[in-house]
Amino acid sequence: MSEAVSEARGAPSLLQTVALTAAAMVAFAANSLLCRLALQHQGIDPASFGSIRLVSGALTLALVVRFRARPPSPARVDWLAAAMLFAYVAFFSFAYLSLPAGTGALILFGAVQLTMLGAGLGSGERFGPVAWLGFVLAAGGLVYLVLPGVAAPPLLGAVLMAVAGVAWGVYSLRGRGVADPLAATARNFLRAVPMALALSLIFVARAHADATGIALAVASGAVTSGLGYVIWYAALARLSAMQAATVQLSVPLLAAIGGVLLLSEAITPRLAAASVAILGGIAIVLSQKSHNARR
């Protein structure tokens, strides 16, 4: 009887974890689409896109924190998290000036996985064979999805994207265990703004932006970055390093599906097969957490 009660109490937590994680991944994929639209059509330069993205995100989060029911919880000043957020936004934007989308996604998420898995192993986290099988299946699906479009990438672009991946991995790890995800994300955006503005000053000679580029940057910052990262921080408190690393493999897939729905790209057998591999692998990894928790 007590075991059944325990199961019932654990169900809402599992459902909340799945819902938060899914919402964060959709936000990340939407953010990728907005960034591609703005930069690939040259509606704005990467430094200006990053600055507007961070400023609009900081303003949106400040308003949400100001008008929510409870005051923000006291928290330590985390300049490292803010620096990693800025580094991810900046290096990601500049990398996509020279990298094809498939190449960039492969490098970015490969660096994220290595960073988060390395941190998990370094902290004593151990992964069982079934979890490893799920991760390999998901990673294999991602490679299968993007590898056919991968050519030898420009060295500078590849290095910039790898740095962006490491920065995002570190930022994600810093968010695990944060007591107040909304306030923490708002503070990180606020502290990252001066860094972005300084970068824009350095590249002021190359600055340009049209109305569409600005609108895409604002949407990216206010909605899919700012609010999306709040959701991600909340989800991270419930995920292991292995799970947090693996679920992010779904983002390139979701972005590809978004391209099909929003940009009229064709649905191919390769996309369908990759979808089964990536989502199936993620399901295997996530199932291991609830299985281990019942032991």
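This is a predicted model: local features need pLDDT of at least 70, side-chain atom pairs count only at pLDDT 80 or more; totals for chains, interfaces and linings use all residues.
Local features need pLDDT of at least 70 and side-chain atom pairs count only at pLDDT 80 or more, while totals for chains, interfaces and linings use all residues. Residues are numbered from 1 along each chain as its sequence is written, and side-chain values use heavy atoms, with hydrogens and water left out.

**View 1. A salt bridge joins D78 and R174.** Their side chains meet at 2.9 Å, N to O (salt bridge: a side-chain nitrogen of Lys or Arg within 4 Å of a carboxyl oxygen of Asp or Glu). D78 lies in the loop between α2 and α3 (79–95) and R174 in helix α6 (residues 155–174), so the pair ties together parts that are 96 residues apart in sequence (helices: DSSP runs of H or I, at least four residues, numbered from the N terminus). D78 is buried at 8% relative accessible area, whereas R174 is partly exposed at 28% (buried: under 20%; exposed: over 50%; partly exposed: in between; 1.4 Å probe, protein chains only). A search of the whole structure finds one salt bridge.

View 2. Beyond residues up to four places away in sequence, V65 touches P72, L182, A183 and A186 (contact: heavy atoms within 4.5 Å). V65 and L182 sit 117 residues apart in sequence, yet their C-alpha atoms are 7.1 Å apart.

**View 3. Here is S250 in helix α10 (residues 250–263).** S250 is buried, with 5% relative accessible area. A polar atom of the S250 side chain lies 2.7 Å from the backbone oxygen of V247. Setting aside neighbours within four places in sequence, S250 contacts M25, I278 and I282.

How values were computed: Helices (H or I, at least four residues) and strands (E, at least two) are DSSP runs, numbered from the N terminus. A polar contact is a pair of N or O atoms within 3.5 Å; within protein, one must be able to donate a hydrogen and the other to accept it, and residues adjacent in sequence count only if both atoms are side-chain atoms.
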